[in-house]
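Welcome to a short tour of a protein chain. Take a look at the sequence and the structure first, and then we will walk through a few places together.

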Amino acid sequence: MAQPLLPFTLARDQQVLVEGGRLLAGPEASVLGLREARRRAGVPLSVDHLGIDAFEAQLAALYQGGSGGDEADGEFSFDLEEGANGRGPRDLLEDGEEAPVIQLVNQLLRRAVRAGASDLHVEPNEGGLRARMRVDGMLQSVLDRQDVPVRRVVSRLKVMAGLDISETRLPQDGHIALRLGGRAIDVRVSTLPGNYGERVVMRVLDRSAGLMPLEQLGLRADQVSVLERMAGRPNGIILATGPTGSGKTTTLYSLLQLANDEIRNILTAEDPIEYDLPGISQSQVNAEIGMTFAAGLRAALRQDPDIILVGEIRDQETASVAAQASLTGHLVFSSLHANGSVGAVVRLRDLGLDDFLIASTLRGVIAQRLLRQLCKTCRKAAAPAPDEARHFHTAKLAAPDGIYHPVGCEACNNTGYAGRVGVFEILEVSETLRATIDKGGSELEMKEVALEPDQTLFGQSLHQVAAGKTSLAEALRVVGDAL
């Protein structure tokens, strides 16, 4: 991608952009900015005047990809937004002595955002500092050097997150609000003391990415219809299960969007609020001041809700309040840590809910995983070996004539994969399953009446393998061969 002519900070502050032979001017474009843009271009430019929304959209489109024009001038396009520390946007290079450290931190953050990383790890070690980012669920090394001032890098991150830089013996959690080329980026920061210094892990959330419709999440058409039916129910509990980073929140948000029909009152209690949902009242959980999930859920029940989203059911109190909310005519969405859809019932029992209460309130469970998609440029097809075909037969599926394998090329950074796709095990609680839960049936007994082999997580992943979207090795790595 061609490098923008103007540094980002100049383009943003003076509201001027140069794109091709056009000079794009915002509503508050300055004479200084227009003169500087013409000077740098060195050729006549036609001027187009844009409204503020159109200008910001052009600004984001021009600077959010590739390497902005900032590095050449020693500037960076990350700005620290106003946060808990009360400071407004400021230049990250305000201190000349610390400028190299600030530049390094900015480069790491910007590289993580542009690579679509979900997490960025900064890890002091015996040999210096290592930084890794998690892309498509896999960690990639981006920095491993001995000449980096480790403590100053960690201190810089803690300052940005509003943490206490003098406290190095205890774990801390913070938050950084950033903008990159007009894109709003939220970064959750966690520090952990270690024998070589504090380890910092950052969860990166691109708030401008927006929510995807259900079809783009990887759901099959029949599964979409089941979820639409669930979202239209008047009461009950609907759970999303899976490990951290499997997309549970995204799925729940998509369900909320389905249920958001303007005639129902929807409230949430989340930690953190990951996306702004128009028309939905969202509340931030803060356990330190007593605003727990259970407290938020109780408060939401006094706000005349129709639908409530609780970020996570993690204790008996929250599970009990969610069940009572369901019994009193509310539809409750939440996430739960369990290995599968039927495993959610076992987990609710472990949290202290009685079988009859689970049977009467649980309406559906969505278990999900994210599989890396094969790179379409270099994937290679081959006839399935007998061992590979056996997996399809076990799931009562016909083995395809050919399945694809990863190869690796420049387009996918030699990984063989690019992007991820979701696989979903959707359990709609039937009368038969409800009776099995009510009588205290085991997980095996519930599985026998709940799901066909091709509807399990592994069965659904085999559908993706047969469609050429992922490899069998990836399905086995993420889901395992247990049906």
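Helices (H or I, at least four residues) and strands (E, at least two) are DSSP runs, numbered from the N terminus. This is a predicted model, where local features need pLDDT of at least 70 and side-chain atom pairs count only at pLDDT 80 or more, while totals for chains, interfaces and linings use all residues. Residues are numbered from 1 along each chain as its sequence is written, and side-chain values use heavy atoms, with hydrogens and water left out.

**Two residues with positive phi**

Lys396 is not a glycine, yet it has a positive phi of about 60 degrees. Gln15 is not a glycine either, and its phi is positive at about 55 degrees. Gln15 has its place in the loop between α1 (8-14) and β1 (16-19).

| Residue | Relative accessibility | Class |
|---|---|---|
| Gln15 | 9% | buried |
| Val135 | 12% | buried |
| Gly137 | 23% | partly exposed |
| Lys396 | 65% | exposed |

**Around strand β6**

Val135 is part of strand β6 (residues 128-135). Apart from its neighbours within four places in sequence, Val135 is in contact (heavy atoms within 4.5 Å) with Ala115, Ala117 and Gln140. Ala184 is 49 residues from Val135 along the chain, and their C-alpha atoms are separated by 19 Å.

Gly137 is found in the loop between β6 and β7 (138-145). Between Gly137 and His337 there are 18 Å in space, C-alpha to C-alpha, with the two 200 residues apart in sequence.

**Rings and charges**

Which rings have a charge over them? A charge sits over a ring if NZ of Lys or CZ of Arg is within 6 Å of the ring centre and within 35 degrees of the ring normal. The charged end of Arg372 sits over the ring of Tyr417, at 4.0 Å from its centre. Arg379 lies over the face of Tyr404, 4.1 Å from the ring centre.

How many aromatic pairs are there? Rings of Phe, Tyr and Trp (its six-membered ring) pair if their centres lie within 6.5 Å; planes under 30 degrees apart count as stacked, over 60 as edge-to-face and the rest as tilted. By this rule the count is zero.

**An annotated stretch**

The UniProt record, an unreviewed entry, places "domain: Bacterial type II secretion system protein E" on residues 301-315. UniProt positions are given in the numbering used here, feature names are shortened, and annotations may be inferred rather than shown by experiment. Over residues 301-315 the chain is 7% helix and 27% strand, with the end C-alpha atoms 18 Å apart.

**The whole chain**

Stepping back, the chain holds 16 helices and 19 strands. Of its 483 residues, 48% count as buried. Among contacts between residues at least 6 apart in sequence, 63% join residues at least 24 apart. The C-alpha atoms fill a box of roughly 75 × 60 × 55 Å, taken along the principal axes.

Note on methods: Buried < 20%, exposed > 50% of the residue type's maximum accessible area, 1.4 Å probe, protein only.
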